[in-house]
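Please look through the structure shown here, with attention to its sheet and to the surroundings of its ligand. A short report on both is set out after it.

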Amino acid sequence: MAIIELQQVKKVYDIGPEHLEIISGVDAQWSDGSIIIITGESGSGKSTLLNMIGALDSVTEGTIHVAGHPLHSMSEDELTDFRSATVGFIFQFHYLMKDFTARENVMVPAFMRGMNKKDALDKAAELLTAVGMENRLDHFPSQLSGGERQRVAVARSLINDPPVVLADEPTGNLDERNSRKVEEILFQLVRSVGKTLVLVTHDNHLKEYGDQSFILEDGRLCEG
Ligand SMILES: Nc1ncnc2c1ncn2[C@@H]1O[C@H](COP(=O)(O)OP(=O)(O)OP(=O)(O)O)[C@@H](O)[C@H]1O
Ligand SMILES: [Mg+2]
């Protein structure tokens, strides 16, 4: 069964006289537990496509279903709930809160969904251990390296146990060595907990980690 299904998805920006068709009718069916890698040049629409799958942006035309949720016909409240329960996000920039420790940063999304503080802190510690950060639980973001901050972001993306993780250039700000380490941790963890991962990147070598890989070009998604 497909956990992510796109049908004739289009995204158009009309700016003044300009009609910019960024995504021109994308169809996709990705199965539960799979790792999907999407590459494409800068400006090809990778973030736009990922943001539509995560309900951070709306489609101009077409339909998207994620874990059975029809994004195109949901209310704002339903979409807010979807963003916190059904998908986990990892971005190029970590967006950690600077006055919160690593552990607190990871627990916040669970706490906000009503988990009691102790359980949320325990679960955060468990996930930080899974990303090799067990000795950094009480560090603030400013006391962590770039790669460590992204590992915290990986742990945070999984705190609400979403079936789908969406990653937009998660290692785009890291050097080669740290990129490889964060990528290995991310792929291994996602596999071990059976999540579906959609990762967009400039980096062609990441295709080898995917069950399927695609190139976004001229608004279309081609296998390869
Ligand atoms: N809000 C917007 N209004 C108008 N045009 C937009 C808007 N957001 C994005 N675009 C345009 O859509 C195109 C795709 O942008 P997008 O950010 O999805 O590309 P990308 O593939 O993620 O690029 P990168 O690899 O540099 O992150 C770009 O040409 C951009 O200028
Ligand atoms: Mg982008």
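Predicted model: local features only at pLDDT ≥ 70, side-chain atom pairs only at ≥ 80, totals over all residues.

## The open sheet

Six strands form an open sheet in the order E6-E7-E8-E3-E9-E10, and the pairing among them is mixed. Strand E6, residues 87–90, and strand E10, residues 220–223, are the edge strands, and because each has a single partner strand, one side of each is left without a neighbour in the sheet. From one strand to the next, the twist averages 20°.

Within this sheet, strand E7 (residues 164–168) is paired with strand E8 (residues 196–201) in the parallel sense, over five bridges. Val165 is the residue that stands opposite Leu197 in E8.

## The shell around ligand 1

Ligand 1 is surrounded by 13 residues, of which the closest are Tyr13, Ser42, Lys46, Ser47 and Thr48. Two or more residues of this shell come from each of strand E1 (2–15), strand E2 (18–31) and H1, and H1 gives the most, with three residues.

Sorted by class, the shell around ligand 1 holds eight polar residues, four nonpolar residues and one charged residue.

Definitions and conventions. Residues numbered from 1 in each chain as written. Chains lettered and ligands numbered in written order. Pairing = 2+ DSSP bridges. Helix = DSSP H or I, 4+ residues; strand = E, 2+ residues; numbered from the N terminus. Axes fitted to C-alpha atoms, helices over the stretch in contact; angles between N-to-C directions. Near = placed C-beta within 6 Å. Nonpolar A, V, L, I, M, F, W, Y, C, P; charged D, E, K, R; others polar.
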